[in-house]
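Reader: I would like to go through this model one question at a time. Please give the cut-offs along with the terms.

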Amino acid sequence: MPHILIVEDETIIRSALRRLLERNQYQVSEAGSVQEAQERFSIPTFDLIVSDLRLPGAPGTELIKLGQGTPVLIMTSYASLRSAVDSMKMGAVDYIAKPFDHDEMLQAVARILRDRQAATSNPAEPVGKASASAKAGASNSNGEIGIIGSCPPMQDLYGKIRKVAPTDSNVLIQGESGTGKELVARALHNLSRRAKAPMISVNCAAIPESLIESELFGHEKGAFTGASAGRAGLVEAADGGTLFLDEIGELPLEAQARLLRVLQEGEIRRVGSVQSQKVDVRLIAATHRDLKSLAKIGQFREDLYYRLHVIALKLPPLRERGADVNEIAQAFLARQSARVNRTDLKFAPDAEQAIRHYAWPGNVRELENAVERAVILCESPEISADLLGIDIELSDLDDEEFIGLAPQQGGAANNTSHEPTEDLSLEDYFQHFVLEHQDHMTETELARKLGVSRKCLWERRQRLGIPRRKTGATSES
C-alpha cells in the first residue's frame with residue numbers, strides 16, 4: 001500500500017484530503033509544516049509527498065530537497081499559480097490548483113505513483129513514457145487518453161487527439177458545458193512533446209475583466225494603482241508548455257488583441273511595458289459558445305477566431321453517446337462507493353434504463369452529481385431511478401422516444417422539485433442557496449449562513465462557476 005505524506009497547515013483541508021486518500025486504499029501520514037514533518041517522519045521513506053506551497057516557516061518546495069527523490073505534488077491557490085510553476089522548475093513532479101476536484105486529485109496521485117513505479121522497475125526508461133509493451137497491453141484503446149467511452153463519435157475524437165497532440169497547432173475544443181473539454185485539453189498536452197512542461201489552465205470567465213490582461217500577460221511596476229512590483233503573467237508561466245484557455249468566448253476584446261499577438265508573433269508585452277519578449281506556448285482553447293456567430297456580431301475578433309480554428313475538436317453531448325453513459329455512470333459509482341466505504345452498491349434495472357435514456361442536459365457533470373447524491377442517500381444495495389432524480393416514464397416510451405427527452409418532460413407533472421428536497425447534493429444546495437440569496441446578502445453573510453469561511457465561499461464559486469453579482473451596493477473587497 002503506497003504511503004503518502006500530506007503537509008498542509010489548514011486542518012480542514014488536511015483532514016479532508018487524508019480521508020479521501022484513505023478511502024482509496026492509501027496509507028496516509030500528515031503534518032502541518034515542513035518542520036513538523038522533519039521532526040515526526042523520515043521524509044525519504046514516503047512514496048509521495050502532497051504539500052501546500054505556502055506553509056508556516058519553510059515553503060512546501062523545501063520538501064523537494066528533503067525527500068531525496070520522493071515525488072512532491074504541490075498544492076496551490078489560483079493566486080499563486082506562477083509560484084507553482086516555479087516549484088516545478090525546482091523539481092516538483094506536478095502541481096494542483098485549489099480548490100481541486102476529488103477525482104482530479106486522485107488521478108494526479110495515481111499517475112505520479114504509477115510513473116514512480118515504472119521508473120523503479122525500469123530505470124532506463126524516462127518517467128512518464130509508457131513502454132511499447134505497456135501500451136500494447138492497455139485494457140482499452142483510449143487508455144493513454146484517459147477518457148471513458150467507446151461510441152463512434154468518441155472513437156473518432158480519440159483518433160484526432162492522437163494525430164493533433166504531437167503537433168504545435170492551436171486547437172479549439174467545442175462542446176456543451178459539462179462534456180469534459182478540459183479532459184481533452186489534458187490529453188492533448190500529455191501526448192505532446194510538451195508533456196514534461198507545465199500546462200496552465202485559465203478559466204476566462206472566472207477572472208474579473210479589469211484584471212484579465214494583467215493575469216494573462218503580466219505587468220510592470222507602477223503599471224496601474226496597486227502594481228507595487230513587476231509580475232509575470234500566466235502566458236509567460238506556460239512558456240515551453242501548454243496554455244489552456246477555458247471559456248475563451250468570455251475574453252474581453254482588448255485581451256483578445258493581445259492574445260492574437262502571442263499567436264502571430266510568439267511574443268508578449270507586459271501591461272505597462274514597452275518591450276516585448278518571446279514565448280513558446282501552445283494554445284488550446286475551449287468554449288460552449290458559437291465563436292463564429294459572435295465574430296459576425298463583433299463580440300469576438302474574427303482574425304483570432306481563424307487563428308484558433310486551425311484544429312477544431314467537437315465533444316458530443318452525453319445524450320449522443322449511446323451506451324457510453326452507462327459505462328461512465330459505472331465508473332462514477334465505483335469512485336463514489338469507495339468514498340463511502342461501500343462495496344455492495346449497484347444500479348437497479350430501472351436506474352440503468354433511466355441513465356441510458358435520460359437527456360442529461362448538464363452532461364457528464366450532471367451525471368456525476370446524480371450518482372454522488374444517490375450513493376449518499378441509498379440505504380439498500382440497489383440504486384433506483386428515483387434516487388438518481390431521473391423523472392421519466394420508462395414504461396410508456398419506446399427506446400427511440402427517449403432520445404433527446406428534456407428533463408422536465410415525461411412524468412414531470414408529479415415532480416415536486418420546486419420545493420426544498422433532500423435529493424439535493426451538497427453542491428446543489430450550495431448553488432441553490434447562493435443564487436437565491438446573493439442579491440440581498442453580503443459575501444460575509446452568505447458565508448456565515450453556509451457555515452464556511454469567505455475564502456471557502458469564493459473557492460466554491462470558482463469551482464461551480466457561480467459569478468458574483470456586479471452591483472456595487474453590497475459588494476465587498
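Author: Tyrosine 306 has a relative accessible area of 48%. Buried means under 20% relative accessible area, exposed over 50% and partly exposed in between, with a 1.4 Å probe and protein chains only. Tyrosine 306 is therefore partly exposed.

Reader: What kind of model is this, and how are residues numbered?

Author: This is a predicted model, in which local features need pLDDT of at least 70 and side-chain atom pairs count only at pLDDT 80 or more, while totals for chains, interfaces and linings use all residues. Side-chain values use heavy atoms, without hydrogens and water, and residues are numbered along each chain as its sequence is written, from 1.

Reader: Is tyrosine 305 buried or exposed?

Author: The relative accessible area of tyrosine 305 is 6%. Tyrosine 305 is therefore buried.

Reader: How many aromatic pairs are there?

Author: Rings of Phe, Tyr and Trp (its six-membered ring) pair if their centres lie within 6.5 Å; planes under 30 degrees apart count as stacked, over 60 as edge-to-face and the rest as tilted. By this rule the count is three.

Reader: What kind of pair do the rings of tyrosine 305 and tyrosine 306 form?

Author: Their centres are 5.1 Å apart and their planes stand at 65°. The pair of tyrosine 305 and tyrosine 306 is therefore edge-to-face.

Reader: Which residues have the most contacts inside the largest nonpolar core?

Author: A nonpolar core is a set of buried Ala, Val, Leu, Ile, Met, Phe, Trp, Tyr and Cys residues joined through side-chain atoms within 4.5 Å. The largest one has 49 residues. Those with the most contacts inside it are Val235, Leu243, Leu245 and Ile248.

Reader: Where does this core lie?

Author: Domain bounds come from an automatic or database domain assignment. Both domain 1 (3–117) and domain 2 (152–221 + 231–314) give residues to this core, so it lies between domain 1 and domain 2.

Reader: What is the distance between the end C-alpha atoms of helix H7?

Author: Helices (H or I, at least four residues) and strands (E, at least two) are DSSP runs, numbered from the N terminus. The expected span of a helix is 1.5 Å times one less than its number of residues, so the 13 residues of H7 (residues 152–164) should span 18 Å. The distance between its end C-alpha atoms agrees, at 18 Å.

Reader: Which residues of H7 are exposed?

Author: The buried residues of H7 are Met154, Leu157, Tyr158, Ile161 and Val164. They cover an arc of only 135° (taken from the directions from the helix axis to the C-beta atoms), which puts them on the same side of H7. On the other side, the exposed residues are Pro152 and Lys163.
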